[in-house]
Amino acid sequence: MNTAFQRLQRDRRGELLASWLQHLTATFDRHHPHPPSLDVQREVLFDALLSTLTSGAPENDFRVDPETDLARHLNRLIAEQARQLANPSDTIGALLALKQLVARALIDMNPQTPVIEDLQWLDRVFDGLSLFAFKSFVDIRERLIAEQSLSLLELSTPVLRVWSQILLLPLVGVIDTQRARQITERLLEAIALHEARVTILDLTGVPVLDTSVAQHLMKTIDAARLLGSRVVMTGISPEGAQTLTKLGIRFADVISRATLRAGLAEALLLIDRRIAPIDEARPS
């Protein structure tokens, strides 16, 4: 047990915690939301950190064990800050601010006695914590970005049932290999689920039509045919049509219409339906 940090924990815990929270309020919290639970998380981390300083010996090395309470509390705080779009420097800055407060308190308590060993122990603990915090922050941020990207990817590939046995797949944005694979998977699942005989593939929102995109689309169309669904392609811009022609790309046996309205009318004809005026449908 470290007696210097024991005295600090016993005599000046409240003062140090208040000073640290006040510093964070004046710096980090000015630019980010401050939910009520944040101060509780900070206080729990503060106590875990003081306990770590108290239980360690100055001559010991220090490395953060991910299974300890200190690591778990720090990870929760980092996750909260990452959701608030904070930077790693904000988290490490908060730790360094606490380190300065503790170091100053150590020196104040022992003005006549050298506290070099205690300060070195303090340095090792906070150095280890800073490295752990940086790595955790990057890991959590990358995981959040991956989850958000997956959500956006799913939202950008909706398969809509517009009529009995007719599906609409409006494509928006760039189509790369990963997205093309997801488009095909979602479309085939929807065709099987709804027993769709016709699929309208609307390309109005696709900014670039080139060889790569055309190859992805042809694979999707071939897969839909194997499940018995015919494909009506709509929304190819005049520039896109010229590009595909120059590249020599042809969508053989695929019905193509200039607009989504024309494509929907064609899809209805393929299932022996049509849109007619109300008067025409009434018996005379």
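Is Lys-99 buried or exposed? I looked this up before anything else, working in a predicted model, and found that Lys-99 is buried, its relative accessible area being 18%, which lies under the 20% cut-off for that class.

**Entry on Lys-99 and its partner.** I then turned to what the side chain of Lys-99 meets, and found a salt bridge with the side chain of Asp-123, at 2.7 Å from N to O. Lys-99 belongs to helix 4 (residues 88-109) and Asp-123 to helix 5 (residues 116-155), so this pair ties together parts that are 24 residues apart in sequence. I noted that Asp-123, with a relative accessible area of 33%, is partly exposed, whereas Lys-99 is buried.

**Entry on a pair within one helix.** Next I looked up Arg-225, which forms a salt bridge with Asp-222, with 3.5 Å between the closest N and O atoms. Both residues sit in helix 7 (residues 211-226), and because they are 3 residues apart there, about one helical turn separates them. For accessibility I wrote down 34% for Arg-225, which makes this residue partly exposed, and 41% for Asp-222, which is partly exposed as well.

**Entry on Glu-266 and Arg-257.** I recorded a further salt bridge between the side chains of Glu-266 and Arg-257, at 3.1 Å from N to O. Glu-266 counts as buried at 16% relative accessibility, while Arg-257 is partly exposed at 32%. Elsewhere in the list of salt bridges I found one network, in which Arg-13, Glu-43 and Asp-47 are joined through shared partners. The count of salt bridges comes to 10.

**Entry on Thr-234.** Thr-234 lies in strand 4, which covers residues 230-234, and counts as buried, with a relative accessibility of 0%.

Which side chain does that of Thr-234 join in a polar contact? I found Asp-202, at 2.6 Å.

Key
Residues are numbered from 1 along each chain as its sequence is written. This is a predicted model: local features need pLDDT of at least 70, side-chain atom pairs count only at pLDDT 80 or more; totals for chains, interfaces and linings use all residues. Side-chain values use heavy atoms; hydrogens and water are left out. Helices (H or I, at least four residues) and strands (E, at least two) are DSSP runs, numbered from the N terminus. Buried means under 20% relative accessible area, exposed over 50%, partly exposed in between (1.4 Å probe, protein chains only). A polar contact is a pair of N or O atoms within 3.5 Å; within protein, one must be able to donate a hydrogen and the other to accept it, and residues adjacent in sequence count only if both atoms are side-chain atoms. A salt bridge is a side-chain nitrogen of Lys or Arg within 4 Å of a carboxyl oxygen of Asp or Glu.
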